[in-house]
Amino acid sequence: MLEPLKTLREIFQDAADLKAAKDLLELIVERVQQSMTADVCSIYLLEPESSELALVATRGLDQVSVGQVTLRVGEGLVGYIAQHQSLLNVDNASEHPSFKYFPETREERYSAFLGVPIISFRKLIGVITVQKEDASYFSDEQEAFVITIAAQLAGPLSQWVHAEDVKTFLAQPDVPIQSNLKFQGVKGATGMAIGRVRWMHSAYELASVPDRLALDSGYELEKFNRALNLAKEELHNSGRRMEGTLPKDVLALFSVYKMILEDRELSSETEQFIREGWSAATALRKTVEAHARIFAKMDDPYLQAKADDIRHIGNRVYANMQGDDGGDGLQVNEPTILVGKDISITDIAQFPPKFLAGIVCSSGSSLSHIAILANALGIPAVMGGGGINPSQIDHAEAVIDGYRAVVVFNPVPNLRKEYRRLARQEAKFIKGLDELRELPAETPDGFRIKLYANTGLVADISPGLLRGAEGVGLYRSEIPFMLHESFPSEDEQVHIYRKILEAYAPNPVHMRTLDIGGDKNLPYFSFSEENPFLGWRGIRFTLDNTSIFLSQIRAMLRASEGLDNLKILLPMVSHLDELKAFHGLLEEAVSQLRSAGIKVQRPPVGAMIEVPSAMVMLRDIAKLVDFVSIGSNDFTQYILAVDRNNPKVSDLYNWLNPAVIRSIGHVVQSAQKYNLPVSLCGEMAADPAAVILLLGMGVEMLSLSAYNLPKTKLVIRTMTHERAAELWTKVKRKSDEHRIRRLLESELDRVGLGGLIRAGAA
Ligand code: PEP
Ligand code: MG
């Protein structure tokens, strides 16, 4: 029986030791040929430049033909497969009308031929073929085998050969496999950097400790406790080291590890195993594994992450038992990009901040602790996106582009040069933008826009103010909730909210009520759903948890006492009833507080426009709220039905898609008609091309991450409102999102803002 997945697993395992692409391709053809007991297996790869298919590896055909035989798409059987992008299974190849004979292959001996296209994300990468001497068709099982192999190899192959023309690629056996290896993730933190990769081992070494008994339990107990205390000390020192660099609420992340280390169960269970006769390492493994397993099985990504935290801590304690002092983390003297599966905050703490250039974490999302930390440190970060093979990239040079959530390992010289230029340009650009801080966000023909900051951390207060934010357009209240170990009390919330309101008073702060669900879950209130983005999210969740909601509303009202710059924003509104129910709760909170003698004002209330039903119902919504704010991140996701965090469909996630911009135009126009102030608070407001359109539509308030504020202000101060309106009229008739971007970017170029195109591609 053929077992394609087993063959693939073996290929991937053995590939880890290879140095050159050529070896890898040879490995693939050898394993496929052996598994199928075919006489020949060959791979042809498409050279993007010449659109020719080159024979790059074969087992069975003459080796001299490798690199020599090339076919145009449509030429020969391989070209036929490429052209039709479908498989071909023939018993006698030479009788097929497209057959073409290449003498150097000496393939005249073979009759049967099976070829399958290798396609990744609709792009042809190449063709894999098998041949045999006897003139009989390959079986269905054999067909299925090759199809599976081709499908599974398409992704890695497309990366390995990315941007290299195949002949050059093969002509340089020393070119490591990872040359120009591209990794597409999701956004963690914006920015651009170049640095050397430091792979952070997450190999759970403790897991490989065998069951071993020990004679001297006393000695083992002492060994365990010494290692545990050392780990506590290290953690404490790491936290201290970051103190000057990180704000308090971000530092609180260290307490997650501290709590694990101080967990009585961890130490008492380990000690119990030791007393039963196990060695300290075995006892620790048994305890850590038991605890981690419970979390790992949970569907919720936050709780799964807890399993990683526990394992990470277990490894640290184990390393201390082995006399490992935490590795060579501090011996860094060049810009470093930390890469790993599950980088922890203590990993970050090991590095001198001045050398920490970027973070790439193959798990997690933009809401992971590590992304929050990267944002607070102002370091680009790319998250999610799946497997990275450490043997391919460790110590390689890499460029990280946090705007596009892309990392290129071992960039070819041209690309590296280009990124260096862009990074320099960006740094210069950002410096130049400082002087914009005091100037109003007003177009040359007098159209005034209010520019607000999006925040969530107390740490974000000063960047917003420093960059001239005229208020907070979106305060993501779920972020402090996510950083807590349990629901923050009403008093704790008052304390946090007051800080933001005070910092910006008398300017407005639009506080959004808890927006959890979807990809944002609370570690201490977890639930899993088949389809979380369409489930218990935002206002749906809070309305169903009245006491949590009421206490948050009360906290917001109390925090604004005497300041009166609070505006309440409701997330994920999709039904009118939700607004009516909220007003009931607000009335209740106001009257409770007033009867307790607290002088609170009823604040203006707004709805986020994030789902299509809210757009359609705007006329009715207008009767129930004082303002609306378009959440373009979710709006784009729900209009296009494209998960905003899924790298597989990230090409489809585009706020310049005509359906998205026409819908936004419709919301703005309707809001104007109903005299409803309208703002936009997604990252679209940080994309200079999109800002032209928003200006043209007449949006009067934009809210975006503080970091990007000056760039957007520069667009506003350069483009006239009249020209922007002209462009919007032109663009709304266009149906191709790429053309739309090109048109807007050429306008940016024309007015001298070409430098923003890159830096603003948030
Ligand atoms: C949005 O959806 O555009 C938005 C601003 O909210 P969040 O990104 O927090 O979902
Ligand atoms: Mg949203």
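This is a predicted model: local features need pLDDT of at least 70, side-chain atom pairs count only at pLDDT 80 or more; totals for chains, interfaces and linings use all residues.

So, Gly 631: a backbone N or O atom of Gly 631 lies 3.2 Å from an oxygen atom of ligand 1. I'm calling that a polar contact, meaning a pair of N or O atoms within 3.5 Å; within protein, one must be able to donate a hydrogen and the other to accept it, and residues adjacent in sequence count only if both atoms are side-chain atoms. The protein covers 99% of the 290 Å² of accessible area that ligand 1 has on its own. Areas here are Shrake-Rupley with a 1.4 Å probe, and for residues only the protein chains shown count as cover.

Residues are numbered from 1 along each chain as its sequence is written, chains are lettered from A and ligands numbered from 1 in the order in which they are written, and side-chain values use heavy atoms, with hydrogens and water left out.

Back to ligand 1. Which residues come nearest? Of the 15 around ligand 1, they are Arg 476, Arg 512, Gly 631, Asn 633 and Arg 644; "around" means a heavy atom of the residue within 4 Å. Arg 512 puts a side-chain N or O atom 2.7 Å from an oxygen of ligand 1, and a polar side-chain atom of Arg 644 also lies 2.7 Å from an oxygen of ligand 1.

By class, that shell has eight charged, four polar and three nonpolar residues. For the record, Asp, Glu, Lys and Arg count as charged, Ala, Val, Leu, Ile, Met, Phe, Trp, Tyr, Cys and Pro as nonpolar, and the others, Gly among them, as polar. Strand S16 (472-476) and H24 each supply at least two shell residues, and the largest share, three residues, comes from H24. Helices (H or I, at least four residues) and strands (E, at least two) are DSSP runs, numbered from the N terminus.

Now the metal. What coordinates the magnesium ion, ligand 2? Glu 610 (OE) and Asp 634 (OD), at 2.0 Å. Glu 610 lies in the loop between strand S19 (605-609) and helix H22 (612-616), and Asp 634 in helix H24 (residues 632-640), so the pair ties together parts 24 residues apart in sequence. Donors are N, O and S atoms within 2.8 Å of the metal (3.2 Å for Na, K and Ca), and water is not among the atoms, so sites may look incomplete. Both Glu 610 and Asp 634 are buried. Buried means under 20% relative accessible area, exposed over 50%, and partly exposed in between (1.4 Å probe, protein chains only).

Of its 762 residues, 56% are buried.

A couple of buried side chains next. Glu 578 sits in helix H21 (residues 576-595) and is buried, with a relative accessible area of 9%. A polar atom of the Glu 578 side chain lies 3.0 Å from the backbone nitrogen of His 575. Not counting residues up to four places away in sequence, Glu 578 touches Ile 539, Arg 540, Leu 543, Met 572 and Val 573, where contact is heavy atoms within 4.5 Å.

Then there's Ser 663, in helix H25 (residues 658-673). Ser 663 is buried at 11% relative accessible area, and beyond four places in sequence it touches Met 615, Phe 635 and Ile 639.

Most residues other than glycine have a negative phi, and most peptide bonds are trans. Where is the cis peptide bond that joins an Ala and a Pro? Between Ala 505 and Pro 506, with omega about 5 degrees. Pro 506 is in the loop between helix H18 (490-504) and strand S17 (509-512).

On phi, Gln 85 has a positive value of about 50 degrees although it is not a glycine. Gln 85 lies in the loop between helix H3 (76-84) and S4, and is partly exposed at 36%. Asp 564 likewise has a positive phi, about 55 degrees, and is not a glycine. Asp 564 is in the loop between helix H20 (546-559) and strand S18 (566-570), partly exposed with a relative accessible area of 45%.

That's me done, thanks.
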